[in-house]
Structure formats: structure tokens, C-alpha cells
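Please open the structure in your viewer and keep the selection tool at hand.

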Amino acid sequence: MEPEMQSPIQLEISRRNLLISSAATLAVSGAATGQAAAQTEGETVQHMSKLTLTVNGESRDLDVDNRTTLLDALREHLHLTGTKKGCDHGQCGACTVMVDGRRVNSCLTLAVMHEGDQVTTIEGLGKPGALHPMQAAFVKHDGFQCGYCTPGQICSSVALLEEIKANIPSHVTGDLTVQAVVTPTEIRERMSGNICRCGAYSNIVDAIVEAAGTKA
Ligand code: FES
Ligand code: FES
């Protein structure tokens with residue numbers, strides 16, 4: 001069957017209908033976009049969390065975006081800038097702190113995951129004039145040059161000695177049936193997550209050996 005021909009008037013009416021329906025579609029999608037934006041704004045509020053951490057023995061209340069790392073919570077919210085941001089993705093160890101006695105890369109963990117936890121930073125280990133033995137050993141053995149990695153190195157070293165005391169084996173621990181001991185090999189392996197671009201490694205090992213009270 002032959003397709004029915006449309007008159008110029010019918011074509012004009014169809015074209016007008018098309019324009020009207022397109023405008024209506026745009027209006028609806030505009031309204032939807034506005035609604036989405038409003039929802040996004042609403043969600044931003046819901047993305048905030050209140051939490052309480054015990055930092056260096058002191059209870060600290062925080063109101064943070066859920067995406068805030070523990071590192072940023074310490075540095076930006078609590079102004080504890082001793083903990084350093086090196087790579088910000090778990091490769092350098094500059095951000096190492098202790099959480100409930102265990103060392104963690106604070107750039108890799110969210111603050112909201114630590115409600116009620118005990119966090120120890122370099123500021124909580126010792127103060128000028130009353131240094132932690134590990135801090136004193138680092139000073140004595142020149143375990144740093146620029147010092148940027150040092151807070152992380154020291155927090156890691158303190159936790160390392162506790163790990164060995166608790167007989168937690170490392171990759172280089174030979175005999176798992178006897179108590180683990182502090183040796184330079186164990187120290188190097190267990191400190192391998194803490195990078196020092198100044199290359200103060202041998203002095204760092206000497207400092208840890210001294211703080212552990214063992215012989216190199
Ligand atoms: S800043 Fe966290 S590991 Fe580098
Ligand atoms: S002392 Fe400079 S990076 Fe370690």
C-alpha cells in the first residue's frame with residue numbers, strides 16, 4: 001500500500017509537536033538533575049561522622065567526613081603534624097602510628113574505623129627533655145638526616161620490639177619453636193616498610209639494637 005502523503009499543514013503541526021515534546025523532556029530532565037543535586041547535597045551531610053579516639057592518652061572528639069584517613073584526621077583535624085605524609089598510599093611508612101599497640105600506615109585506614117581506639121603518635125612517645133628510649137637511641141646513633149621519615153621509623157621500631165617480644169615471627173625468623181630475638185636481620189626485615197630516602201638505614205638499625213638492649 002502506498003504511504004499516505006502528509007499535507008504541509010500536517011507536517012507543520014507534527015514539527016510543532018516534536019518541539020513541544022522535546023522542550024518538555026528537557027524540563028523534566030532539568031528537574032531530575034536539580035533533584036539529584038539536592039540529593040547529593042543531602043548525602044554530603046550524611047557522609048559526616050562523629051567519633052572519639054584516645055590520642056596519646058587524651059580523649060579527642062572528631063566530626064569528620066567518612067572518607068578522612070586516620071593520617072588526615074591526626075594532621076588536619078588534631079594538628080598533630082609529627083606524623084608525616086609521604087606517599088599517601090601505603091608505600092613509604094612515613095605515616096606509621098600505633099593503634100592499640102600495633103603499627104599501622106595511617107594513610108591506609110579511615111578515621112571512622114577507629115572509634116574508641118588508642119592511637120599513639122610520635123608526640124605521645126616522648127618530649128624534648130624526656131625522650132622515649134627509642135628516640136634517644138635515634139639521636140645518639142644519628143638515625144636520620146632530613147628527619148622526614150623519622151617519626152614513622154621510630155613508631156615502627158617501638159612496635160617492632162613489642163612484636164618480637166610477643167614472639168610474632170617475620171619472614172626471616174628461622175626457628176618458630178623458640179622465642180624470636182632482636183637481630184639486625186630481623187630489624188631490617190621488619191623495618192622494610194619504612195623507607196628512608198636519605199639512606200640512614202645502618203644507623204637506624206644500630207639505634208634499634210641499642211634500644212632493644214641487644215648486641216648487633
Ligand atoms: S604516607 Fe602512608 S605509607 Fe607513605
Ligand atoms: S632521614 Fe631523610 S628520609 Fe629518612
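In which strand is Val 99 found? Val 99 is found in strand β3, where helices (H or I, at least four residues) and strands (E, at least two) are DSSP runs, numbered from the N terminus. This is a predicted model, in which local features need pLDDT of at least 70, side-chain atom pairs count only at pLDDT 80 or more, and totals for chains, interfaces and linings use all residues. Residues are numbered from 1 along each chain as its sequence is written, chains are lettered from A and ligands numbered from 1 in the order in which they are written, and side-chain values use heavy atoms, with hydrogens and water left out.

**First selection: Val 99**

Val 99 is buried, with a relative accessible area of 8%; buried means under 20% relative accessible area, exposed over 50%, and partly exposed in between (1.4 Å probe, protein chains only). Leaving aside neighbours within four places in sequence, Val 99 is in contact with residues including Leu 70, Val 104 and Val 119, contact meaning heavy atoms within 4.5 Å. In β5, Val 119 is the bridge partner of Val 99.

Strand β3 (residues 96-99) pairs with strand β5 (residues 118-120) in the antiparallel sense over 2 bridges; two strands pair if DSSP finds at least two bridges between them. Strands of a sheet pair through backbone hydrogen bonds, either parallel or antiparallel. Now show the 5 strands, which form an open sheet with mixed pairing in the order β2-β1-β5-β3-β4. At the edges stand β2 (58-65) and β4 (102-105), each with a single partner strand, so one side of each is left without a neighbour in the sheet.

The whole structure holds 9 salt bridges, each a side-chain nitrogen of Lys or Arg within 4 Å of a carboxyl oxygen of Asp or Glu. Select Lys 50 and Asp 63, whose side chains meet in a salt bridge (3.4 Å, N to O). Lys 50 lies in strand β1 and Asp 63 in strand β2, so this pair ties together parts that are 13 residues apart in sequence. Lys 50 is exposed, with a relative accessible area of 68%, while Asp 63 is partly exposed at 41%.

Next, select Lys 140 and Glu 210, which form a salt bridge with the closest N and O atoms 3.1 Å apart. Lys 140 lies in helix α4 and Glu 210 in helix α7 (residues 201-212), so the pair ties together parts that are 70 residues apart in sequence.
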